[in-house]
Amino acid sequence: MKTVMIKTHEAWLATLMAGFMSKTQNKQVLFDFSDILFRHFTWLENELIELGESYSYDRDSIPIKVEKLSVMLENIINRLNEIDLQLMSSPDKNLDARISEDIKYMKSVLLKMNDEHITAFNMDRKFPGINLTEEATDALTLFLFEETYKEYELIMIYNYLKAHSKDAYLNRIFQILIDESFFHLKSFGDMGAKMGILAVPRIIMKELYQVQDVVQFLKDGINEELAAKDECKRLAEAVSKDSPKLEMFFDFINHQENYHISLMEDALKYFEKGKNE
Amino acid sequence: MSMDAQLIEHMMEPKNYGTLEYADAQGIGKNPENGEKVAIYIRVGKDEDEVYIEDIKFQAIGCTTTVVAGSMLTQEAKGLNFNGVKNLVKATMKLLDKLPAEDAACSEMVALAISAAIDTYEAKINDPDYPIITYKISNSCVVKDENPPMETN
């Protein structure tokens with residue numbers, strides 16, 4: 001079961017990366033499939049929790065540097081075949097059947113996808129249609145590496161918290177934060193692919209998501225969101241001369257952080273209230 | 001951090017990132033200011049009477065600069081005997097003065113984590129239950145304001 005969960009984690013990320021690489025109508029299909037695989041991952045995680053088995057978000061590194069999308073698609077199909085085989089070890093036969101049916105359909109679509117030439121790893125660091133100064137390019141590069149990882153980290157932390165909570169109020173907050181981080185991850189990953197610097201976020205250390213003190217985590221998280229707002233403001237200023245479109249995007253991300261902060265403050269109040277009662 | 005192709009390669013695909021399943025020792029480098037840390041895992045080989053780093057991995061809670069420093073330094077350390085690794089750590093620490101404060105803190109954290117892993121390995125020879133050693137950095141990760149506000153009475 002643990003192996004199936006790890007393999008599903010890897011297949012989810014591989015499919016998401018393939019979505020970033022694509023420049024055609026394949027992109028949305030790959031994003032949808034990656035979302036399905038993420039849901040499989042959460043179901044398998046839930047089953048492990050119900051069985052009382054310990055687990056972690058450790059996984060292998062995922063090689064993605066390809067020149068043709070077909071190579072990546074073949075890799076994903078192999079990953080799905082492996083998951084399908086390993087599903088036999090799961091005690092929940094209904095869950096296995098659901099995942100297996102999804103895999104069967106996804107494989108049939110992936111097999112028929114048109115091939116594409118991939119430019120997501122050419123390290124050109126040129127944003128299509130926008131001429132950025134070297135300074136702005138460096139700032140954007142660093143931002144994309146930092147934030148792509150950060151959003152993945154947040155998805156995993158909130159997912160872990162949600163998986164271990166039965167509180168509807170908190171789970172609503174965690175789910176919104178997961179959805180928001182997915183939107184940011186997809187936006188930044190897409191930008192990274194356009195700049196030719198696409199990379200898989202690194203593996204998260206256990207102590208980050210196996211949160212011991214949720215109140216402290218939320219307090220630190222609010223401070224991090226405030227810092228992210230400043231970073232977005234700085235970046236918006238750095239790119240403003242060269243691209244009003246990018247400036248607007250980073251202003252938009254900056255304002256979105258207000259909503260995240262507000263949700264985290266709600267969760268914090270709720271936790272502190274629970275502690276004092 | 002000014003960027004060249006080599007640096008971007010390390011950002012896209014950090015070398016030696018992750019954990020070692022059968023590590024002989026682990027070491028931690030920590031920033032007490034903000035909780036950032038680097039964990040180093042080593043597997044030690046023996047060549048005649050000399051021990052050397054057969055394999056090395058790292059994990060980081062930190063920024064991209066820390067990951068790049070981890071990627072570069074672990075590449076350098078792999079295959080070196082312990083004296084070589086100690087010299088690498090010394091040479092890195094000497095270079096820190098020439099780096100901007102925030103970059104110095106990141107590199108120091110990695111160098112100290114490598115040092116801690118070696119020291120943990122050596123301590124475990126006499127006491128197999130010796131705990132993982134943690135060293136704290138002295139450089140500050142917080143960039144100092146170039147024009148700090150003047151103090152007024």
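User: Before we look at residues, what makes a residue count as buried, partly exposed or exposed?

Analyst: Buried means under 20% relative accessible area, exposed means over 50%, and partly exposed lies in between. Keep in mind that this is a predicted model.

User: Thanks! Why is B:D49 called exposed?

Analyst: B:D49 has 81% relative accessibility. The cut-off for exposed is over 50%, so B:D49 counts as exposed. You will find B:D49 in the loop between β2 (37-47) and β3 (50-61) of chain B. Together with B:D47, B:E48 and B:E50, B:D49 forms a patch of negative charge on the surface.

User: And how do you know that B:V38 is buried?

Analyst: Its relative accessibility is 0%. Buried means under 20%, so B:V38 is buried. B:V38 sits in strand β2 of chain B. Leaving aside neighbours within four places in sequence, its contacts include B:G27, B:I28, B:M109 and B:V110.

User: What makes B:K37 and A:E207 a salt bridge?

Analyst: Their side chains meet with N and O 2.8 Å apart. The cut-off is a Lys or Arg nitrogen within 4 Å of a carboxyl oxygen of Asp or Glu, so the pair B:K37 and A:E207 qualifies. This pair crosses between chains, from strand β2 of chain B to helix α7 (residues 206-209) of chain A.

User: Are those two partners buried or partly exposed?

Analyst: One of each! B:K37 is buried because its relative accessible area is 12%, while A:E207 is partly exposed at 43%.

User: Why does B:E13 with A:K65 count as a salt bridge?

Analyst: The closest N and O atoms of B:E13 and A:K65 are 3.6 Å apart. The limit is within 4 Å, so this pair is a salt bridge. The pair also crosses between chains, from the loop between α1 (5-12) and β1 (25-30) of chain B to the loop between α2 (26-51) and α3 (69-86) of chain A. B:E13, at 38% relative accessible area, is partly exposed, and A:K65 is partly exposed at 41%.

User: How do you know that B:E122 and B:K86 link distant parts of the chain?

Analyst: They are 36 residues apart, with B:E122 in helix α4 (residues 101-126) and B:K86 in helix α3 (residues 82-95) of chain B. Their side chains meet in a salt bridge of 3.3 Å, N to O. B:E122 is partly exposed at 32%, and B:K86 is partly exposed at 33%.

Terms used. Residues numbered from 1 in each chain as written. Chains lettered and ligands numbered in written order. Predicted model: local features only at pLDDT ≥ 70, side-chain atom pairs only at ≥ 80, totals over all residues. Heavy atoms only, no water. Patch = residues over 30% accessible without salt bridge, like charges linked within 9 Å, V, L, I, M, F, W, Y side chains within 5 Å. Areas by Shrake-Rupley, 256 points an atom, 1.4 Å probe, with all protein chains shown as cover. Lys, Arg positive; Asp, Glu negative; His and termini not counted. Charge placed at Lys NZ, Arg CZ, Asp CG, Glu CD. Helix = DSSP H or I, 4+ residues; strand = E, 2+ residues; numbered from the N terminus. Buried < 20%, exposed > 50% of the residue type's maximum accessible area, 1.4 Å probe, protein only. Contact = heavy atoms within 4.5 Å.
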